[in-house]
Amino acid sequence: MSTETVREYLTEEEEDRIGLHTQEMILNMGPSHPATHGTVKFTLRLEGETIRDLDPDIGYLHRGFEKMCENATYTHAFPYTDRLNYCSPFINNVGYALAVEKLLGIEITERCKYVRTIISELHRISDHLTCLAATSLELGAFTVFLYGVQSREEIYVLTEEICGARLTVSYVRIGGLTDDLPESFADHWKLVKRRLDKNLYDIDKLIGRNRIFIDRMQNTGILDTETAISYGCTGPFLRACGVEYDVRDAAPYLVYDRLDWTMPTGTRGDNWDRFLIRLAEIEQSISMIDQCIEQMPEGPVRIDDWRVVLPPKDEVYNSIEAMMAHFKLIMEGLKVPPGEVYSYTEGANGELGFFIVSDGSGKPSRVHVRPPCYHLVAALPEIMRGKLIQDLVPTFDTINMIGGEIDR
Amino acid sequence: MSTVTCTIDGVSVTVEKGTTILEAARTVGIEVPHFCYHPALSIAANCRMCLVHVEKARNPLPACHATVADGMVVDTASEKTKHLQEAVLEFILVNHPVDCPVCDQAGECRLQDYYRDYSARPSRLDVPKVGKPKAKPLGPNVILDAERCILCTRCVRFTEEISKDFQLQTIGRGNHTEIDTFPGTEFDSAYSLNTVDICPVGALTSRDFRFKKRVWLLSRHETVCAGCARGCASFVDHADNTVYRYVPRYNPYVNDHWMCDAGRLRFHELQDHRLRSVMNRDAKGDAEPSVGETLERIAEALRLTENGRLGILLSPSLSNEDIYALRRFGKEAMGARFYVGGRAPGDADEILVMADKNANRLGLETLVSKAALKSLDALAKDLGSGAIDVLLIAGEHELSDAVIEAIDKAAHVVALTNLDAPWLRAVDRVLPTPQTFEYDGTYVSATGRVQRFERGVQPGPSVKPAWELVCKLAKLYGYADLDFASVRSIFKEISLGEAAFRGMNWKALRPFGAQLAGVAETMSPTIHARAGKH
Amino acid sequence: MQAYAHRGDECVVVARDQLVAVATHCRDEPSMHFDMVVDITAIDHLETFDEFRFEVVYHLYSLPHKHRLRIKVRLDEDDVHVPSVSGVWKGALWTERETYDMFGILFDGHPDLRRLLLYPEFEGHPLRKDYGFADIQPLVPLTDIGVPMSLGTPFAGTNRERGIAVGEGTSAAGKALIPQTTAFKPDVVYK
Amino acid sequence: MKQPLRPKSERAKPFERREMTFAEKLFYPAIWEGLKVTTKHLVENIFGRKHTVTLEYPEVQRPYPERFRGQHRLMQRDDGSPRCVACMCCSTACPSNCITIVAGERPEETIEKFPMRFEIDLLKCIYCGMCVEACPCDAIRMDSGVHPKPTYNRQAAIIDKEGLLAAGAKTIATQGGTFGSRVAGHLKKHI
C-alpha cells in the first residue's frame, strides 16, 4: 500500500497528529513469516521503524488439546502431550505423568525417577539447541544453525533408541515408563555428548565474541523484572532478569535435589543474557545426565499396582488375573479419585503446569496446560513497545515460542 | 412388622426383621460384592464372595444369607474382610481360562469388576486348569462355555423358580461340576436369554449377540419392548446407528428383571424390514419424493374430502402421542371415523408373554374411546359402500386379504407406517415412521402402566414420527390449532386433558412409569411371587 | 469464604465481589506476597453440581516465599461475570482472554476482552461441557478486506476491524479465511 | 529505595559479562576466527567425512533401533492364521481411531473368534504404539522396521488383514493354556 492510498483514509486531524514525515502504518507479520518460526501473526503499528504497538495473534495451531483430553482416558493423553512442546516432548510427558500421579497419590520407583530426570534433561538440551540455532539462523548465522541442529539430530537418534520415535515419543506412562532405558544408553550418550561438546565449542568460536551478533542481542528485548514477574514469566526469561527461580530448585521433583548443579542467572534481562543462559543450561543438563547415570539404581521402572499400570505382557498372556487387570485398564482407563491438582515442572521455557480435575471416572473431567511461553508472548507487546522492528526478531527468538504449546 | 438395628461399617441401619446383611447394607449404599445372590432368586450362598466379618461371630458370614440381628456389628471393608474377598477371588479364578479377548462378557463381567475393586494382585496358585467343554450350544439361543462358569447356579435357579421349566442342572462333582441340560433335551425355554443376563461371568452367552460388538463400545438407552401388550421395560444397546441387543430393565411393576426371548430378538425383524423412504404412487422419475411434497398432496386430497368421509385406521402399537395427535386432527378437523387394526393375537403364557401383540391397546382405548373404534370388518363394509373417500392408515397392521382388497378400492389411501407389509401394495402414499427405539414417546401396558421410551438410534432423514407428520399435515390442510413442538408438549396436554393420565409428569415417568388412573395394578403371578415375600 | 486442601494444594473459594480485594491483599501482604498469577482458567461443572456451574480458578505463586495458592470463584450459569484481576497482575491479561474464549466467562474491567485462540466468528465456547466433542463450526464466508478502517481507531478490536493487509502473502482476516475449521471434527471409524 | 523482595537460591550463579576488547570491536578477528572453524569443518568433511551426519539416503540407510515404531504387522499362529482374536483392545486404545476390526465366528476351532476384517488407516495412524501395548494376545506389533511409505492415493494407505499378515511372523508368545512360566517370581513375592 503506497503512501498515497494510506493518506486517503486519514482525516486531517490524524495527519496533523502523525505529522508529515512519519506515518503510522499497520503491518501484518505472519502467520507464516520467515522470522516467526511457528505460526503466529503479529499485527504491528509502526511509525517508521519504531513499533508503537504490537498484537500477537495466536491460535493458528489450536487443536483442542484440552477438549480432546476430556474425551480420552488418562493414558490416551500421552500422545497428545507429545505434540505440545514438540521440541521437548519428554518434558511434557513427564509433567503430565507427575500431575496424574499427584492426583492418584502414588510414588514411582527410584529408577523411574532417575530415568525421567535423564530424559527431561536430554530434551531440555534439544529444546535449548533448537532455540539457539533458530536465533542464530534468523540473525544470519546459518552455520551455527547447522551445528546446533546437528547435535539435536544426535539427540533425536538417541530418543529414537529410547522410545522408538524421534519426536512423538509417548514414552512415559502413569506410574512409570513404557520401558526401561536401553542397555546401550550410557555408551550412546557418551557419543552424543562428545559431539555436543565439540559443537558448543564451535558455536562459541563462531558467534561468542562476534560483534555483529552481539550488537543485535545486547541491550535489546529488555523487560524490567517487576513487569516480568507480574506477567508470570518464568524460566530462562525470568532468570535472565536476575530472578533466582527455577522449579527444579524451588520445588524439587524427581531427583533434582540429589544432583549437583547450578542455576545460571543474568543481570540485564536482555536477549544476550537469555542466549547465554541457555548455553550455560545445556552444560548443566549434560552434567546432570552424567550424574544420573552414575547414581541410578537398578530396579523396576513401573510401580507394582495393576490398577494403575498395565501388567507385564507375559503375565497377561498366561494368567487370568493379569488379563483382567489389562482389560479393565484398556476398556475404562485407570480410575482416578475425584479431586483436582496443579502440578508444575520446569519445562525448557519455564514453568510447565498441568491442572487436572477428576470426577472419579476413567476420563479426566478437565485438563488444563499452563504453557511457559504463553506468558512470555503475552509480555511481548510490553517489551517491544517503542523499540525497533528489527529487534522483534531476536526477542521473539529468545522467547522461544512453540506453536504447539501456546496454541494447544 | 418389627425392626432391628445394626451397624454396618460404622453406619447404623434400621431394617425389617429378617432382612439379610447384604440387603441391609444396600439400603445405606454399601455394596457387598456377590456373584450368586440375585434379588429375584432364592438364596444359594455358594459363591462366598459376600463373606463379611461380624463382631462376636466365630466365622465370617455370607452376607446374602445371614439375616440382621439387633446390635450386630458388621464390617464389609476392613483389612480382614478384604483378605477374605481376595482369597475367594483367587480361588474362583484358579480354573478360569484366559479368555477375556474372546469372551463377550468382557466389559460387564463381575469377575473383572471385583478383581479390580477387591484384589488386583497376581495369583499365588499355579496349578493346571481343569478343561471343560467350550462353546457348547445349550439351546437355540444360549451357548455355554463351561470353563468360564463359576457355578453360582443363578441360571439353574432361574429355570426352577421363574421360568419353571427345570431345564438346567449341575452335573458332576468337585471341580468337574458343570451346568448342563438333562440328557437328550435342549434349553429351549422361551426365557432362556435371561440366564445370559444374570450370568455374572461369560459362561452363558447369547448366540444372537455373540461377537457382534464389544459391550464397552455400545451406547445404552431406555426403551420399552413393543413385542406384546406387557411392555417390558428394557434397554436398547446400540452403536453406529445399529441396534445390537435388547436387555431387560428392572421395573417391579411390569417385568421385574426379566424379558422373553421373542421380545428381545424382535429388533432384527424391525431393523431388516423397516421402511426408510417415502413412497408415492404417482411420483415420476427415480428420485425419492420428499416428505413435504407428499404431505402437500395428501393435504390437497383431504381438502377435497367432505367432512366425515375420512377414515383413520389406527394401530394399537402407536405411541400415545401419535394417537392423540391423530385423534385431534381426525375428530376436530375432519370428523373422521376411527377403526382399529393392529397385529394379530398370538401365544401367551403365565409369565410375561401376552396374547395381544400390540404394545399400546389400552392407551388407544383410553385416548380414543372404545366405542368410537370400529372393527376391520366395519372398515371393509364402509369402504365397500363408499362411505369413505380417503383412508389414513397409521402404525403396524396385519390385514386379511379381504380387507386389503377393500382398501384397494378406496380412492386415496395413505399410510404412516414403519414396516414393510403386504397391504402396502394397496396404498397410494407411504410416509415412513420410526420404530420404538428411534423416537421418544409413551406406551400404556395391558396392566395400565404408562412407560416412557427414548430415542437411541437415529432413523434416516425422511423418517418422521406420526405425530410430527400429522401436525405438519394439519398445518398444510389449514387446521392451525394442532401445533406441537415436541413429544413433551403433547404429553403435557394429554396429562392435563385426559382424566386417566391426569397428574402425570414426563420427567417423573422415569424409571418405573406411572399407573393409569382407574386401572388396578395387576402383576404376573409367577415373577412377583418372591417379590411379594419380601 | 471456604478453604480446603487436596494433595497439598491449598485452595480458597471467595465470593465474586471480594475477588479483587482478596487478590490485592494476597499480592501486597508481606507474609503472602503472591507476586505472580501463574494461571487462570475455569472448570465447567455442568453434570456435577447444581448450585453453581462454573469455577474460575486462579493459581498464585509467591517467588520469595515459594508458596502457592489456588483461588476459586463460583459462578452461576446465567450470570457469568467476574471482575478482572488484570489490574493486579498483568499475567491475567491473556489468561482471562483465553478463559473468555473457551468458557464464555466475562471479565468485567478487562481492557481488551476478545477471543485469543479462536477466530472472532467462532460460535459458542468449546470447553463448555455442552459444546459437543464432534460439533462442527459453520463455514465462515470470505470477507472483503479491501476497506481499511481509519488509522485513528483504537488498536484493540477484532481481527477484521483492523484488517489492512500490508505485504505479500499475509491476510488480514487471518484465521477467518480458514475454510471450515477442523477443530474437534470427529473421526468416524466403524461404518 | 526499598529493595524488592526476591527469591534466593544457593544454586544461583550470576554470570559476568565480559566487555568487548578492542580487537573484538574491530569485527575482523572474530570473522577470521569463525572462518577458521568453518574451513576446518570443510577440510575435515572433504577428507574423511568426520563431521557429516547426513546420509546418501536411498543407497545408504540408517539401521532403525530395536524399539523403532514402524509399520504394523499381524502375528501368525503356527498354521498361518492371525493370532488376533478381534478383542478390539487395540481399536479402543487407539487415540486416532485408525483401526477397523470386524469379528467373526468359526465354531470348528478351539479359539472360535477371529477377525474377518482388520484394517489400519496409515494416514490416520500416529504411530504412538498404544495398540501394541493394548494387545493382550501379542497379535499386533510395530517392530517391522519399515517406515510408512508414501502412497499415491488415500485408499492405498489402508492396509488390510492380508497385508498386515504378510508382514507378520510366527510369534513365540503363548496364550491361555501354559502354566509354570510365571510361577516363581510371584510365589516368592507373596508367600
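## Cavities in the predicted model

A cavity is a set of grid points where a 1.4 Å probe fits but cannot get out. The structure described here is a predicted model. By this criterion, a search of the whole structure finds 17 cavities of 30 Å³ or more, and the largest cavity has a volume of about 200 Å³. The second largest cavity has a volume of about 170 Å³.

## The largest cavity

The largest cavity is lined by 17 residues, and those closest to its centre are A:Thr75, A:Leu310, A:Leu329, A:Ile330 and D:Glu133. Two helices each supply at least two residues of this lining: helix 15 (320-332) of chain A and helix 4 (130-134) of chain D. Helix 4 of chain D gives the most, with three residues.

By class, the lining of the largest cavity comprises ten nonpolar, four polar and three charged residues.

## The second largest cavity

Around the second largest cavity there are 17 lining residues; B:Ser317, B:Glu396, B:Asn418, B:Pro434 and B:Tyr443 lie nearest its centre. This lining divides into eight nonpolar, six polar and three charged residues.

The size of an interface is often given as the accessible area lost when the parts come together. Chain D and chain A bury about 5,700 Å² between them, and 51% of this area is on carbon and sulfur atoms. On the side of chain D, the residues that lose the most area to chain A are D:Arg11, D:Arg17 and D:Arg67, which together account for 16% of what that side buries. In terms of residues, the contact takes 60 from chain D and 75 from chain A.

Four salt bridges are counted between chain D and chain A. In one salt bridge, the side chain of D:Arg11 meets that of A:Asp249, at 3.2 Å from N to O.

## The chain D side of the contact

Several elements of chain D give two or more residues to the side that touches chain A: strand 1 (12-14), helix 1 (22-25), helix 2 (28-46), helix 3 (89-93), helix 4 and helix 6 (183-190). The largest share, eight residues, comes from helix 2 of chain D.

The side of chain D that touches chain A has 28 nonpolar, 13 polar and 19 charged residues.

Definitions and conventions:
Residues numbered from 1 in each chain as written. Chains lettered and ligands numbered in written order. Predicted model: local features only at pLDDT ≥ 70, side-chain atom pairs only at ≥ 80, totals over all residues. Heavy atoms only, no water. 1 Å grid on protein atoms, 1.4 Å probe; cavity = no way out; pocket = protein on both sides within 12 Å on 5 of 7 lines; lining within 4 Å. Points joined across faces, edges and corners; volume = space filled by probe spheres on them. Helix = DSSP H or I, 4+ residues; strand = E, 2+ residues; numbered from the N terminus. Nonpolar A, V, L, I, M, F, W, Y, C, P; charged D, E, K, R; others polar. Contact = heavy atoms within 4.5 Å. Buried area = accessible area lost by both parts, 1.4 Å probe.
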